[in-house]
Structures are given as structure tokens and as C-alpha cells.
Amino acid sequence: MTSSLHPAPTPSGWSRVARRIRVPLGFAFAVIYLWLARPSAMSIATGSMIVAVGLAIRAVASGQLRKNEMLAVSGPYSYTRNPLYLGSIVMAVGFALAALNVWIWVLLAILFVLIYVPVIRSEEQFLRSTFPDFESYAARVGRILPRWTGESLTADFSRRLYLKHREYNALIGAVLMILAITLKMLALNAGWTAGSAQRWH
């Protein structure tokens, strides 16, 4: 199961609203993130490594998802039912660490609870009604937290599927955001240096 890669179910109530607003909310959060971020070189380096792990999880999962054809249960899907969401969470943790602002953690927690939890549940309702094997699969594999199965994560990886799902957009977005917070760090440091120089004159 995925975030944006899986065919959309027909949710109702708040889950339907959450699906509609999560993309514009994502852009709005990016703006707020850049405004609140107070990164350092060390925080950016550490956060970037964690973001890279999240991107790798998403890449491996998207390259093995055959939507509308079969229920994905092997590879990363044998570890967690939602490897794409797990990858996104790992990326979010990396960016939060890079930003060095506690309010970003608070906002991420609110977004996850109010937006992504309802969306995940609505997608599972769709899978449950579409694939008869989903119930037994869900009984074996956790919704988000992974369990160790020993299966190869990349055995069925397809570059064609990765490109078809346009998962490279996540990589492009992450690189642009890292560049943006790096520029923010340089701007903050330049302002601090200029202010210090003025105080010494």
C-alpha cells in the first residue's frame, strides 16, 4: 500500500477532506518549515543522512508496487504494510532534525495524526474490499512499524515501476529542500557575522 501511488479509494467524511488537502498542506508546511528552520552545518549533515534513508525506503517500495494488479506483500511490503509512508516518516524526522526547531516536530505530529492516519485507514478499507488476501496479510504485517522477515528488499525491484510512479520527484524535492535550508543557514550566519562586526566598531 502506498501514499500517492495507490489508486484512490472512495473515502468519506474527514478522510476524504484529508486526501484533498494534504498536497496543498504539504506546500504550506514547506514554507513554514523554511521560516522556522534554524539549521547548523551539523544538523543539516545529520538530517540529510536520515532523509537519504527515507528516500531509499520509498524508492525500493515504489519499484515493487504493481497497482491495480496485485496486493504487494513481498520485499519491503513483508516488513510493513506501508513502506512508502514509513519512508516519508523517516524523511520527516531527518528534516526536523536538520531544522533545529521544536515547533516543526509539533507540526509534523499534528499533520500525521490529522491527515495521514485517516488517509492510511481509508486506503486500507479500499485494499480490504479489493483484495481477499488483505485480511490475512494485515494480521501478519504491521501497519507502519516494520518487523524483521529476512526477505530481500530489492528482489523484485523494477526501475520501470520506479519511473512510472515518478518517485524521483521525492528525490528532487528533498534535494531542493536541503539546498534551501543550507541557504537559510548561510543567510543566518552572514547576518550574525555582520551584526557581530557592527558591535565591534
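Okay, let's start with Glu167, which makes a salt bridge with Arg58, their closest N and O atoms sitting 2.6 Å apart. By salt bridge I mean a side-chain nitrogen of Lys or Arg within 4 Å of a carboxyl oxygen of Asp or Glu. Glu167 is in the loop between α6 (159-164) and α7 (168-199) and Arg58 is in helix α2 (residues 41-62), so this pair ties together parts 109 residues apart in sequence. Helices here are DSSP runs (H or I, at least four residues), numbered from the N terminus.

Quick caveat: this is a predicted model, where local features need pLDDT of at least 70 and side-chain atom pairs count only at pLDDT 80 or more, while totals for chains, interfaces and linings use all residues. Residues are numbered from 1 along each chain as its sequence is written, and side-chain values use heavy atoms, leaving out hydrogens and water.

Buried or exposed, then, for Glu167? Glu167 counts as buried, at 5% relative accessibility; buried is under 20% relative accessible area, exposed over 50%, partly exposed in between, with a 1.4 Å probe and protein chains only. Arg58 is buried too, at 7%.

The structure has five salt bridges. Another one joins Arg81 and Glu124, at 2.8 Å, N to O. Arg81 sits in the loop between α2 and α3, and Glu124 in helix α4, 43 residues apart. Glu124 also meets Arg143 in a salt bridge, at 2.9 Å, N to O. Glu124 is buried at 2% relative accessibility, whereas Arg143 is partly exposed at 34%. Shared partners make Arg81, Glu124 and Arg143 one salt-bridge network.

Notes
Helices (H or I, at least four residues) and strands (E, at least two) are DSSP runs, numbered from the N terminus.
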